Amino acid sequence: MLEIRSLSKSFGGVKATDNVTLDFADGSLTAVIGPNGAGKSTFFNLITGALKPDSGQILLNGIDLAGRSPPEIVRHGIGRAFQVASIFPSLTVQETMLAAVCADQRRASVMHRRFPLAETRDRAEHAMELLGLAGKRNRTAATLSHGDQKLLDIALALVLDPKVLLLDEPTAGMGTEERWRMIDKVRELWETQKITVVFIEHDMDIVFKIAPEIIVLCYGRILATGRPDAIRRNEAVIEAYLGTEHHTGAIA
Amino acid sequence: MTELQADQGAQALEIPHAQAKTQRNRDALIALAVFVVLALLPTVFSSKLLLDFVIRCAAYGLFATSLNLLVGYTGLISFGHGMFFGLGAYGFGLMMQKTGVPVPVAFIATLVITFVVALVIGAICVRLKEIYFAFVTLAFQMLIHSTILSWVSLTGGDQGLRGGIPRPPFLGIDLSNQLHLYVASCALLVIGLYLMHRIAQSPFGYTLRMIRDNAMRASFIGIDVWRAKLTIFVLAALFASTGGIIMALFVSGAYPEFAYWTISGEGIFINMLGGVTTFLGPMVGTVLLLILNDTVTRLTEYHGLVLGIVILFFAIGLRKGLMDFVVEWYAQRRNNAGERG
Amino acid sequence: MDLDALTGCLASSACLVTQTTSGFIIGMLLFLVAVGLTLIFGVLKVVNFSHGAFYMFGAYFAMTAYQLSGSFALAMLCGAAGTAILGLIFERVFMSRVYGADVLMQLLVCYAFVLIFDDVVRMIWGPEFKSMGMPAAFQVAPLFIAGGVVPPYYLLLIGVALAAAMILGLGLARTRIGKVIRAAAHNPGMVSALGINTGLIYGGVFALGGMLAGLAGALAAPVRSLTPGMGFSVLIESFIVTVIGGMGSILGALIGALLIGLIRSFGSLGFPLFTEGLMYLFMVIVLVSRPTGLFGKEVA
């Protein structure tokens, strides 16, 4: 259970996250939406420790993680993938996976043994299979296609066996067809891995179709939370999106 | 996990483990073979100049390869790595001159001193962004150099440690004998390279590569970036210090130039010359630079001018080290062969 | 350590004046070098590791011009203008080729030029120490301020440096070209999108930085001995100044330079063997407590 309690963060005078309180049940799949600058990425950055919150709590199974460093938070079980695929360009897919498992096993500073350690292999293998990257294991990350890089980024989070997986726009920069393939993958991962998944998404078609739970952020505040039907009919949400480009069509 | 998967997992466990073991044995065998060849060299070529050259290669090679652990593997561009070379030379020289302890004791004590100094300087520096890191390490190098110059009563100031370093025999090894010193230097070089290679190929070595590629991402998979950087900074300092110790033994003294910033500059250039993408690149660079230095010094007094032009040629013209070309050529050939086959 | 000398000096107004002026001299020279370094870094995002060479060339140019013409003003002009041209050529021909490359390449190119420039000076002027000598106009009785001895040339030096600082500050803040430079520092892509030639700006900034360092060298020539390699310690010290003041901040460079100057002049009384060490110690304290420097912005 991931519980966010009155989380706040401001930059200068601007409140990027304003007193946000939320619960994410174990095994839930939630989409975070909101107009540009709504504070979605800041919200993720606060949970994963990239930013220190001004106040509030981030409780994962009762342990407060607010203000701790990213490595600590990762070790408690909150993994994350990035809007722009964040990978290790010169490592191969397999090396990336193996190194990540090493880190998760607290063996990142082992010097007396040769890389890779045998006992890390099956986990890495499993993650590559899950994301469909096994066939590209010997490619260096820099030579992968954009979509594969995004998958590798997700695999990098997933291989650590997180309890909660945060995906910042998994479909960013993709064509329509590729988007659906990616989002199907996300849904499949959620179903098979039984983990809590929270993702940011701009495409309303996708959100309303696959997310059982939706959170709408606007100017750092929660505008609405609930099931797709309720969100679709929510007055405040419609208002916030009115006039903001093509999203209107999707909402109405 | 299903039973089937578990079964496959168990199989996967066995094979790589065996591979890793043979690989390690192979590395150790190669190291041993290289050492034997180097040690037998004097029986074939009795040239004193050649032995001197190899000893200098050992000193600078250890220094340059350790710098590559920082520059090439971790992406930490230290422009002050030479301070540990100087520290090793002065630490060891002073220890032998002032205390008269046996050589191995002085050796270990010097490494302990280097460890402490590197820990303090590293703790301050490794947090800094790349260009700051480069210059603040350089500033520390200048601090150590100026301390050596001004603390005349201890270090002899700009005259250096004079009067020779006593090298009493131990365990039948007499380092004042050139042949003994030669074999000992080769042993230190081979052991040092073997250990550094082990580090580079260990899980920690891959942690360093991740930090170089994308430190932010590394921290998001649970790696304590600061600690890893500090660890490699200190380790690299120990190997550089060993290089300095060999140098002090070789010249039987220590001079402020050993701690001057140009040593760091040369180290960086050696890495560029040989290439930072291969483990042995810096070793190749060391041999080339020493040959170049010796040739240029014989031909002209404007040594810096020539060296500068060579550096420009590599930095602006080629933009790669020699070993990088070898690797590329090899990859190309393999690709072509693959296409044909 | 000699704390008595230090406390004794602090109690005497004469000594206080003498040490403060000599601290200001060191500080103002460092400022002129450091401000160029920080300006080049601000706009080009390159630390010009060979910046000390411009200081050295400024001094040698001034000495030669003075020996040939006997005019102090002309000597200053030659020092500043000569290095400005040198800076322009250096940037356009060499540095501009490594902007896209990584920091390692930029450092190596600069390192190559440190070696080359030192040997060029050795070739032209010889390896031995040279001295320009105090110009006749300033060979007058020193002033006495509150009992302290202050050579008139020191006042000129401080005045010229301060004037340069003010012109630079005003120029960057008020003029069109100053605004373009600041815009280029902020967002290079934007400036070229507006149709302004970034190459010209980059070359110009390098020339400006070179000129300031050359001016510092020229001003220092009458009071310092000239030798190949004299630029390197100045470079390190001005780098420390920019670390203390904050990369990219002109005010920071001024304050940082004066602090370092005063630390050096008073430190040499109290801690004669550890004067340089004090400077580094101060840098470390600033770095640990405020990693972006006293006046640095968050993005460093």
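A:L165 sits opposite A:V197 of β8(A) in this predicted model. The two strands involved, β7 (residues 164-168) and β8 (residues 196-200) of chain A, pair in the parallel sense over 5 bridges; pairing here takes at least two DSSP bridges between two strands. Residue numbers start from 1 along each chain as its sequence is written, with chains lettered from A and ligands numbered from 1 in the order in which they are written. Since the model is predicted, local features need pLDDT of at least 70 and side-chain atom pairs count only at pLDDT 80 or more, while totals for chains, interfaces and linings use all residues.

Now for the sheet around that pair. It's an open one of 6 strands in chain A, in the order β6-β7-β8-β3-β9-β10, with mixed pairing. At the edges are β6 (78-81) and β10 (221-226) of chain A, each pairing on one side only. On average, neighbouring strands are turned by 20° against each other, direction ignored; axes are lines fitted to C-alpha atoms, for helices over the stretch in contact, and angles run from 0 to 180 degrees between N-to-C directions.

| Strand pair | Sense | Bridges |
|---|---|---|
| β3(A) and β9(A) | parallel | 4 bridges |
| β9(A) and β10(A) | antiparallel | 5 bridges |

A:I33 has A:V216 in β9(A) as its bridge partner, and A:C218 stands opposite A:R221 in β10(A). β9(A) and β10(A) make a hairpin with 2 residues between them, and A:Y219 in the turn has a positive phi of about 50°. β9(A) is mostly covered, with 5 of its 6 residues buried. Buried means that 20 or more other C-beta atoms, placed from the backbone, lie within 10 Å of a residue's own; exposed means 12 or fewer, and partly exposed is in between.

Helix α1 (residues 40-48) of chain A lies across β3 (29-33), β6, β7, β8 and β9 (213-218) of chain A, at about 145° to β7(A).

Stepping back, chain A has 10 helices and 10 strands. Its radius of gyration is 18 Å, close to the 18 Å that the globule rule gives for 252 residues, so chain A is as compact as a globular protein of that length. That radius is taken over C-alpha atoms, and the rule is 2.2 Å times the number of residues to the power 0.38. Buried residues make up 46% of the 252 residues in chain A.

What about the other chains? Of the 2 pairs of chains that touch, A and B have the most contacts, a contact being two residues with C-beta atoms, placed from the backbone, within 7 Å. Chains A and C do not touch, and their nearest C-alpha atoms are 13 Å apart. Between C and B, 34 residues of chain C are in contact with 34 residues of chain B. On the chain C side, α5 (103-125), α10 (230-245) and α12 (275-289) each give two or more residues, and α5(C) gives the most, with 15 residues.

In chain B, residues 103-124 are 100% helix and 0% strand, with end C-alpha atoms 32 Å apart. Residues 267-292 of chain B are 77% helix and 0% strand, and their end C-alpha atoms lie 14 Å apart.
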